[in-house]
Amino acid sequence: MKAVKTSPDVASTYADQVDGLYYYLIGVSVFFTIAICALIIYFSVRYRRQSDADRPAPTKDGKLLEILGSVIPFILVMIMFFWGAKLYFDARMPPKDAIEILVTGKQWMWKLQHPNGKREINDLHVPVGVPIKLTMTSEDVIHSFYLPDFRKKMDVVPGKYTQMWFKPEEEGAYNLFCAEYCGTEHSLMVGKLYVVGQEEYEKWLNTRWVDGAPMANVDTNDPVAAGEEIWDTNCAAACHTGKAGAIAPNIVDKFGTMRDLEGGEQILMDENYVRNSMQNPNEHIAKGYPAAMVSFKGTLNTTQMNQVIAYLKSRSTADSE
Ligand SMILES: [Cu+2]
């Protein structure tokens, strides 16, 4: 008989941990559901009107019962809380040595870009044993990047960046889904994650040819160089110069640092801050400078904004994150 599959394959130790918590939740729920149902049935038979069971006066003082009735559920739910919180924090904090891959969701495909600029559509190649950080955004509606075998899922939202990470531990091909209904062809917004050996990944990353045949959907375009060009041609180099009398602060090497704002607040210069500043420059005004920047909303597309961010990251002198 074919075994019934109760969950997707397990592709990482994190997936095992999520399953552990999941089974704990199911176990607690099933235990109490059965216990409560069984007691309801037992009591309704035992103490039915016609039965001659003992019916002593109600207990007024049940301290032990009260303490057990509070402490046991408290312990059970605190286990859920701390276990869940630990897994949540693990999932939210990518390791520093992670390879960063840019993900753009679009009706109805996944566009992916590797650190050297190599691009793929709906396929994602990653090396085994190395943490992979995904920095994700959408060109249209909300999508959700879902790797069921890794028990990792994160919304991909237009106008901002979200992140998720995973560590592939075994070579193989895994499913990649969009898990947020995003239009008529949502169900076709699927892809494959290919976990390959380190050497194979390097080779794959640095060649446009595999087995003598050109690979589909491959396009290399160095995002840092492209970002620098955009930076230089869009007044950024003339405004954010750092020279005396400049109308904007010199931020070219400041990615990952805290920036002072008018009004005394500080803000971290991260992907979301840079992107938001390009689109809504007057939302956060740098301390000591006029609100003089123009918006690049509609002028720069998602890819170009990603390139500008890649350039600023490459120039950063901060110990990033
Ligand atoms: Cu989608």
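## Domains and an open sheet in a predicted model

The centres of domain 1 and domain 2, taken over C-alpha atoms, are separated by 27 Å. The contact between them involves nine residues of domain 1 and six residues of domain 2, two residues being in contact if their C-beta atoms, placed from the backbone, lie within 7 Å. The domain bounds, listed in the table, come from an automatic or database domain assignment.

| Domain | Residues |
|---|---|
| domain 1 | 99–214 |
| domain 2 | 223–315 |

This is a predicted model, in which local features need pLDDT of at least 70, side-chain atom pairs count only at pLDDT 80 or more, and totals for chains, interfaces and linings use all residues. Residues are numbered from 1 along each chain as its sequence is written.

On the side of domain 1 that touches domain 2, β1 (99–106) and β5 (132–138) each supply at least two residues. Helices (H or I, at least four residues) and strands (E, at least two) are DSSP runs, numbered from the N terminus.

Five strands form an open sheet with mixed pairing, in the order β4-β10-β9-β6-β7; two strands pair if DSSP finds at least two bridges between them. Its edge strands, each pairing on one side only, are β4 (123–127) and β7 (152–156).

Within the sheet, β9 (residues 172–178) and β10 (residues 190–196) pair in the antiparallel sense over six bridges. Phe177 stands opposite Val190 in β10.

Helix α3 (residues 198–205) lies across β4 and β10 and runs at about 130° to β4. Axes are lines fitted to C-alpha atoms, for helices over the stretch in contact, and angles run from 0 to 180 degrees between N-to-C directions.
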